[in-house]
Amino acid sequence: MDDSLDQIFVTLNHWLTGYAPVGWQPFVSAVISIAGIIAVFASLFAVTTVLERKGLGRIQNRYGPNRVGPFGFLQPAADGIKALIKEDVVPRAADQVVHFLAPLATVIPAFLVYAVLPIGRNMVLVDYDAGALFFFAVGAGTELSVFMAGWSSRNKYSLLGAMRAIAQMISYEIPLILSAVTVFMIVGSLSTTKIVEAQAGYHWFGLPNWFVVTPWGFAGFILFMIAATAETNRSPFDLPEGESEIIAGYYIEYSGFKFALFFLGEYLGLFAISGLGITLFLGGWHAPFAFLEWVPSWFWFFAKLQVLIAVFIWIRGTLPRLRMDQLMNFAWKFMLPMALINIITAAVWHFMQPGYQRWLVGAAMVVGPYILLGRGLMEGKKLEKRTYQFAE
Amino acid sequence: MPWIVKNLWLIPVLPMLAAGLSALMPRRQRTASAALAIGSMVISFLLAVCAFTHVLQGGEGIREVFNFNWFQLGDGGWLQLGWVLDSLTAVMLVMVTFVGTLIFIYSTGYMSHDENFTRFFTFLSLFAGAMLGVIIANSLLLLFICWELVGLTSYLLIGFWYHKPSAAAAAKKAFITTRIGDVALLLGMVWLYSRSGTLLFYKDGLGCLEHDSLVKLVAQTTSMGIAVSTGIGLLIFAGAVGKSGQVPLHVWLPDAMEGPTPVSALIHAATMVAAGVFLVARVYPLMSAGGGTTPQLEVVTWIGAITAIFAATIAVAQNDIKRILAYSTVSQLGYMMMGLGVGGVAVGMFHLITHAFFKALLFMGAGSVIHGCHEEQDISRMGGLRKHMPVTFATYAVGMLALAGVIPFAGFWSKDAILHSAHGWVSHIPFYLGAAGALLTAFYMTRQVFYVFFGDYRLHLGKATISEQRTVDHAGVAAKDHPHDELTGKPHESPLTMTAPFMILAVFAFALGFLGTPAWPWFQKFLGGEAEAGFTPSIISLMVISSVIVFVGIGIGWWLYGRKPVEQSEQPDPLQAMWPDIFELLRRKYFIDEVYENTIIAFNAWWSRACDWMDFWVWNGGVQLVTYVVVGLSWVNRFCDEYVVNLGFDEVCKRLRLGGGGLSRLQNGRVQNYLRVIGIALAVLALLFIWGCKPS
Amino acid sequence: MNVVFAIIAVVTIAAGVAAMSLRNLVHCALALTVAFAGLAAAYLQLGAQFVGFTQILVYIGAVAILIVFAILLTRGSEPAQQPIISSGWIAGVAVAVIVLAVLVYAIGKSSIRDSKVPPAAEVTVRQIGDALMNKFVLPLEVVGLLLTAALIGAVIIAMKEEKK
Amino acid sequence: MSPLAGYLILSAFLFSIGLAGALTRRNAIIVLIGIELMLNAANLNFIAFWRFSEHPEALTGIMFVIFSIGVAAAEAAVGLALIIAIYRHYKTTNVDEVNSLKG
């Protein structure tokens, strides 16, 4: 197949690098790739904000932004300019240095993690042998930045928000990593590119060879995505910035460009973790069907990314916010056991002969605990229609 | 190796798995845990049926074993475990799983109101699993492990209502009493291992129950000229005595009635007490090693016969419906032991199987009666229940006839087989004992049935007895069950989940006997291989005799209790009216408990008191003496001290104290000081190290 | 002895000094994280990828957060009234300096001063995993046990004893 | 000076800094931080020796560091828990005031 279109960015990079002096070439190529990644994902951020606002508007049947530009698609530009020219207010009591460093500490890891995401064939910045570990390690840095932001602004709401965020992130990081561990076990490597390669090809019914179409993979994907939602503090897990409870959580005291940075960092984290989900479970940049192979790989990556983002928007528009105890119960009483059992399921799957038996066994090992744990979680709660006192 | 043999372990493991899972379940998951337990039992039953059919196709004397290495011993040899599939295993498997399943189903109905439903089923499944493990074990060690598991779970189940002190005491009693036997069993096991070098029963010629090692065991003799095989056999039999409640270790069995009735049914019918008999049957080759009637077999026979008559007599005078059944179980177990002793595996096992069915039936019936009469257990306060609970009555009657051994019910054939082989035995006394036992059995069962089901309902008139506070105790059942007043509530028939199982059992209790009639001794062939077929005159005469005995028993029972039914629950038992002291003696179980109380325990107490006395007078006195001497001396010393030594030492002490004070200032409780010292030490050590080993 | 190492060394030491000397406890904790990050960078520089990332994950992701929580729970975040330096700090510094001197002296004296650099060994995560699962499986189990015990112990120690 | 020596000196500095902090600061948490620093210095030593050893494929250094990181995590958890308990009891985290073991 003619992969000129597929490899267009790679060739472009080589071509540009060719002009640099020999000694500098690796450096230059790295710079170019980094610039490309930053540009692409920053603009994706811009697009996503407006999409999210419009989508939420539709879900809550109102118009989203529709004034600036055609269909309000220039809204992000306007917001950006506004954020840039706004006065940067810093509370007097605030801890100046930390208060200044917090947004950077949020954005930098958010960009760093893209280094190991294969966004297309031969399109990964650094192919670490422990790439996934790198992702999680750097991702862990965000918690600290959240704490910095919340603590430094000397505001009880922001401190509360920070504490909530840290508690939530730590509790959900465990299921996140555990559900990813299944993939590492099966592939036998932590390298993202190897993981993607392992999902190449198609098996019966032309179904792609992705991990999401195995019992453990499916369960793992769902767990991973729930944990990712919590990791990125998105609704229904958006307690840390619950506007109705603690005004905006840990960035009450941020205004202007610092706030914009936080916003950017949050969305970048969202893209990144979705990208990891795609890499681990959704076959990375592989095409879903054999007859679509000709479409360039990077397209597939971004298409899947868009789909996941749409799902996130949808969830945010649909689900109400959890309570703190519900959050913790869900993390420790449901997610964690499910993830652990899922690891065992993956092991069983790995050691059983291919065939329908292992499908049955795997499905049983996923569904049984799900039912038991779910009932255990629901124990002593009776679900009934909520009666509104003042609404109706 | 056929699939079923390789996977025989599934049969016990499944219920254990179910137990583990339902142990994890939250309390609310009643249906789930029950479904889990019953489902696993059913699967085990199907597997057992597979095994059974496999054995059937295998023909006579088929025995397939599967051994595996457990762990390596110090001397490089491997300790092996394994399971065996032969006719004995197959029969027991089918029986236990079938009866167990029915009992499980029954207990969903019986325990439906208990708040610890899930815990109950956890224990129940573990119990059944352990018993199945005992059955399939091909290694005395594995058997012993499961055996102990059975003991443990029986403890848990008998003490299930642990908030009743009586239940807790009964559980403890059962545990400890059986433990006495288990120690003997352990000793026997060790001895066997030391002599035959293996604990596997069958290992193509090398097992400890196979010809070579048996020959070896018989050849060796211990002191007093007893063959080693005899010693080991007796020790193992002691374990069986403990487990299946033979005299003198029978005391725990009746108290085990404190547990929930399904548990009693399970213990008495299928699992626990059967384990003892099964053990003897399993090691029968060892028991009969050397051929003929070996001493150990004689012991077995005598113990069995004595137990049979002994327990039967006690059962005559009991008033607690479950206790009567308990003692009947003890005596039936005696029959089984006797059968093993006189007639070999087939005879004993046949009675074990039939007894399992009708005893389970009887216990379920009793449970249904108790349930229906609002936790009343005193038969003198029941009566007339045949009108209120017809199904229970009908099935119970079947069970009673089977137990009493009325032709052609199952019990008749098996008991008759035992009596017949006892008749042909070296000594005839066991036979007469057995016959008398049969008479008594028929008698007390008749008595019980007349008390419970005939006459009219007496519960509401009459004073409260033990049973009320029992009702209060586990109000879990009664209160929810009958909100209205308990004593005036009419008895009621039990739900279908409870009645259905004993309808099924009733069929078996009736029909099972035809597998082993003298006309067609299929069962004996299947188990033992040899069986004398056909109705020889001796058999005919024996059958006539025993039937006569049975009918005489029933007749006496009717004469005493059925002719004019009891009206008042206070009015004394007719027997009591005739021979009060004998009746009292029987009712108090020959004072066995009291005897133990006053011999062993009393001796223990006396001994400790004696030790105390010794302590107080002899040792303490000596010590006192020494003290006085010492005190006297010390006066002298003091004198010297005061004026000779002190003046010198005080100075030293002062100095020392000062120094100590100075030193103690180092210990100022500050972490960082200590840390500082550590740092310095590190530096010094490093320097020493550098200078110590110079790179040459 | 290249530039990268120099940068790492300087940053790490500076962060360490800051972590030990700053007045505000939270600043100390943050500086500590910087030091940890520097160490992780050093590990990467030494070709120990896995350890480097583990360092970040465990220390920055977990231990630093723990410390910060502890600081907040013990009201350490408020500026201290009394002097932050304990009595007898001179002795402490002296001891530290002595230890440093001894260590440097030892390094200087030892033969490694002029050891040549062997080629870097490519160690993959798979190798580490195999080693953990075969050769070092017992230590692995023991550490797992230790962590469990520590978890429970920490919970029990820090748990508020309920008032009767 | 060879790279190995450089790393060793770096770790020596870190160790001493941690020691100094542990010796001079009053706040127990900072003392704990110092101890963590010392621990990390030791880890750095292990890695350095592993990298510059004759047989890096033996992985011993890396293994040691992995385990010591695990142990350090446990140590930090328990230590901080202890500090919190002490704070709850003495209402202070000042190591000078917590001296009930005075001789």
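In chain B, residues 24 or more positions apart account for 79% of the contacts with a separation of 6 or more, a contact being a pair of residues whose C-beta atoms, placed from the backbone, lie within 7 Å. The model is a predicted one, in which local features need pLDDT of at least 70 and side-chain atom pairs count only at pLDDT 80 or more, whereas totals for chains, interfaces and linings use all residues. Residues are numbered from 1 along each chain as its sequence is written, while chains are lettered from A and ligands numbered from 1 in the order in which they are written.

Chain B contains 29 helices and two strands, where helices (H or I, at least four residues) and strands (E, at least two) are DSSP runs numbered from the N terminus. Of its 696 residues, 51% are buried; a residue is buried if 20 or more other C-beta atoms, placed from the backbone, lie within 10 Å of its own, exposed if 12 or fewer, and partly exposed in between.

B:Thr108 sits in helix H4 (residues 87–110) of chain B, and it counts as buried because it has 21 C-beta neighbours inside 10 Å. Leaving aside residues up to four places away in sequence, B:Thr108 touches B:Ala34 and B:Thr497. B:Ala35 is 73 residues from B:Thr108 in sequence, with a C-alpha to C-alpha distance of 9.5 Å.

A nonpolar core is a set of buried Ala, Val, Leu, Ile, Met, Phe, Trp, Tyr and Cys residues joined through C-beta atoms within 7 Å. The largest has 210 residues, of which B:Val134, B:Val277, B:Val280, B:Phe357, B:Ala360 and B:Ala509 touch the most other members. Helix H16 (residues 345–372) of chain B provides the largest share of this core, 18 residues. Another core, of 189 residues, lies apart from it and includes A:Leu261, A:Leu270, C:Val63 and D:Tyr7.

Chain D has three helices and zero strands, and 61% of its 103 residues count as buried. Within chain D, residues 24 or more positions apart account for 50% of the contacts with a separation of 6 or more.

Between chains C and D, 69 residues of chain C are in contact with 62 residues of chain D. On the side of chain C that touches chain D, H3(C) gives the most, with 11 residues. The residues of that side divide into 54 nonpolar, 13 polar and two charged, with Ala, Val, Leu, Ile, Met, Phe, Trp, Tyr, Cys and Pro counted as nonpolar, Asp, Glu, Lys and Arg as charged, and the others, Gly among them, as polar.

Notes. Contact = placed C-beta atoms within 7 Å.
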